[in-house]
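Welcome! Take a moment to look over the chain before reading on. The notes below will walk you through it topic by topic.

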Amino acid sequence: MSRRGNNVRGPTSALTEFLRESGINLTTIARRVATQNQPESQSQDPSVAGPSNSGGNVEDVPEEEQSEENAPRASNGRRGRGRNTGYASDELDEPAEESPVKKRKSTKGRATPAAKAKAKKKAKDDGEYEGSSEDEYRAMSKNLWSVGGNGSPKPPAGSFETCARCEKQFTVTKYTMAANPPPGYLCHQCAKASGTDPFKKPAVPRKRVNATEKRDVVSYQECRFPSLAAMCIELITRYIDDVEALGDIGAVNMDEIAKALSKNRGLTPQNAHLFYNVLNKKLRFYDATNLTPDALKTLASLNPNLTHLHLDYCGRLTSPVLLAFSTSIPQLTSLTLLGPFLVRAEAWIEFLKAMPGLQVFKITQSPRFDLQCMRTLADTCKNIGELSLREIGLMNNEFTDSLCSMPPLRVLDLAFPGIGIDEDGWMKIIEKHGSTLETLDASKHEGFTDDVLQESVREYTRVLFELKLEGCLSLTDEGVAQFFDNWAYPISALKDEDRDMDVDSDAMEVSLSSLEPFTPNPPLRILSLARNQELSSAALAAAIVHSAQSLTWLNVNGLRSASSEALVQLKRAKELRYLDAGWCRELDDFVMKDVVTACTKLNEIKVWGCNRIRGVGWGVKRPIKVHGIEPSGGM
């Protein structure tokens, strides 16, 4: 059997250990084979006394014989071409190859890099590549896991074997490994005790990195220069005591600085003095999180002539601070607070009694504002025209009477209540304030139904331009569509058509109703029908037809069943600037191309959840902010 190209290494047995200790390796064997025929050449030339004299008699030896004698030293494969020798015990098999070290040296100049890589990969796949090593017998063979010491195959899984170390019977599994030194197999306990974990997964070979990949820097730190606005804000904050040297900054620039500070919550009690002035009439902080109660009291003391105060994220505003506002800012007519959840009901009542001149009162997230506070507001603030009570947890149907006793309102925002107002309450409120109402937000009120739209909003509103009905689960697709279709027509005319010339009707009443002047409500500019699961194509199409000529802001997020034919009607809103069409499943790039091309003023679009949109092929070159395009959209 040929051993050429066979690089299989056996287990480290006792014979292997003996050969290693005796210094017998491939190099010594090759040297012995190369020198075994020297006595024959010496017997052919009697003048050669021995190996020591061979160097001195080289001239007497013919050139052919000299080449034949040197042939074994150059290549063992050419040893028997020029000689007629008998069989030797070392020559029963085919001629032995050179040692791997010599072979690599001799073939280094002939092998191409591709051949070397292929051979190296094959050796790694066979589990036999160990790199450059002086001792070829030092590595452990993979057969140690699959065969025993006698070379027999591993017994099948499930069979019983006796451990070679503890002599206990165990069940063979795929993790059973052969004993070292053989023969036999080891149980799992003995295998672990020997320092080898039979359950450990083999290490995944590391992928060789190409030279080009090595040159690429994977991790780096990108250093950017701060913007000019950030540098100016930092400089102003650092020298806040000397800020008067800058002169009159101006109200517009002051507001821009306040916005920039709110991005990283940089407004502190120290730099807030930049915005204080005795002559201030309006003051707005976009993020007052870091202002302590004492800092808020200082705000009221240093701005005594304020008429408009707007504080966002004023979570540290307490009851004493609110009372300080009532005493330090007596001319306050507009108050807007976001997040005053620490103010108690008693403080609200005392503040409202001390501020009868309030015209704008807007609060958001005030869980202690109760019915008694609402009654105090209605009784004392007779000049109020804008009211916003958002996310008031105690708002219920009992607020209706107080709301109806207030003067006619221009802005009414009662969105996202804790309980909400029922259908009858909304009809009373719209009947009271509908004629002057410009903005209405009834989001998340289950009592706001189709009947409220048909019998109250349609009948009493005449100047409404902003309508938000988000999450009103009682609305239906047919009811909303009918409302927008008939909003431009008087109810009396429709009632006359429904009567179908009833002979029992009062003729005088019909004639008087027909003589009343009718002013239809103008088209809406702001409309939100978001997160109404029952609304679909009919409601959307009717709303677009009614308000397309003046609509600038539209939110139809969550209209999942709206068809592409209804969505393409959005292109009729030529004045549209903002569109939120998230989770409209039928919206695709073809519809968006028509909408974006027709609505030339559209500058911001939100398409979250529209998995048919990829954002390509719209055919527009103007800058548009598009939010929510999925990486796998359109697939």
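Predicted model: local features only at pLDDT ≥ 70, side-chain atom pairs only at ≥ 80, totals over all residues.

**The nonpolar cores**

- The largest nonpolar core holds 118 residues. Phe361, Leu387, Trp426 and Phe448 are the ones with the most contacts inside this core.
- Helix α14, which covers residues 345-354, gives the largest share of that core, with 6 residues.
- Leaving out residues up to four places away in sequence, Phe448 touches Trp426, Leu440, Ala442, Leu453, Val457, Leu469, Cys472, Ser474 and Leu475.

**Aromatic rings that pair up**

- A pair of aromatic rings is described by two things, the distance of the centres and the angle of the planes.
- How many aromatic pairs are there? The count comes to 10 aromatic pairs.
- Phe361 and Phe369 form a tilted pair, with 6.2 Å from centre to centre and 35° between the planes.
- Phe361 has a relative accessible area of 0%, so this residue is buried. Phe369 counts as buried because its relative accessibility is 0%.
- Trp426 and Phe448 form an edge-to-face pair, with 5.3 Å centre to centre and 80° between the planes.
- This pair links distant parts of the chain, as Trp426 and Phe448 are 22 residues apart. Trp426 sits in helix α17 (residues 423-433), while Phe448 sits in the loop between β11 (439-441) and α18 (450-460).
- Trp426 is at 0% relative accessibility and therefore counts as buried. Phe448 is at 0% relative accessibility and therefore counts as buried.
- Elsewhere, ring pairs link Phe275, Tyr276 and Phe285 into a cluster.

- Leu309 belongs to strand β6, which runs over residues 308-311. With a relative accessible area of 2%, Leu309 is buried.
- Which residues does Leu309 touch, not counting those up to four places away in sequence? The list is Leu283, Leu299, Phe325, Ile329, Leu332, Ser334, Leu335 and Thr336.
- Leu309 and Arg284 are 25 residues apart in sequence, yet their C-alpha atoms are 6.0 Å apart in space.
- Thr336 lies in strand β7 (residues 334-338). Why does Thr336 count as buried? Its relative accessibility is 15%, and buried means under 20%.
- Leaving aside neighbours within four places in sequence, Thr336 is in contact with Leu309, His310, Leu311 and Lys362.
- Thr364 is part of strand β8. The relative accessible area of Thr364 is 13%, so this residue is buried.
- Beyond its neighbours within four places in sequence, Thr364 is in contact with Leu337, Leu338, Gly339, Pro340, Arg390 and Glu391.

**Two loop residues with a positive phi**

- Gln365 is not a glycine, although it has a positive phi of about 65°.
- Where is Gln365 found? Gln365 lies in the loop between β8 (360-364) and α15 (371-380).
- Gln365 is partly exposed, because its relative accessible area is 34%.
- Lys444, the residue from the opening question, has a positive phi of about 70° and is not a glycine. Lys444 lies in the loop between β11 and α18.

**A nonpolar patch on the surface**

- Which residues form a nonpolar patch on the surface? They are Ile24, Leu26 and Ile29, and together they have about 220 Å² of accessible area.
- Leu26 is placed in helix α2, which covers residues 26-35.
- Leu26 counts as partly exposed, because its relative accessibility is 37%.

Methods:
Residues numbered from 1 in each chain as written. Heavy atoms only, no water. Core = buried A, V, L, I, M, F, W, Y, C linked by side-chain atoms within 4.5 Å. Buried < 20%, exposed > 50% of the residue type's maximum accessible area, 1.4 Å probe, protein only. Helix = DSSP H or I, 4+ residues; strand = E, 2+ residues; numbered from the N terminus. Contact = heavy atoms within 4.5 Å. Patch = residues over 30% accessible without salt bridge, like charges linked within 9 Å, V, L, I, M, F, W, Y side chains within 5 Å. Areas by Shrake-Rupley, 256 points an atom, 1.4 Å probe, with all protein chains shown as cover. Salt bridge = Lys/Arg side-chain N within 4 Å of Asp/Glu carboxyl O. Phe/Tyr/Trp six-rings, centres within 6.5 Å; stacked < 30°, edge-to-face > 60°.
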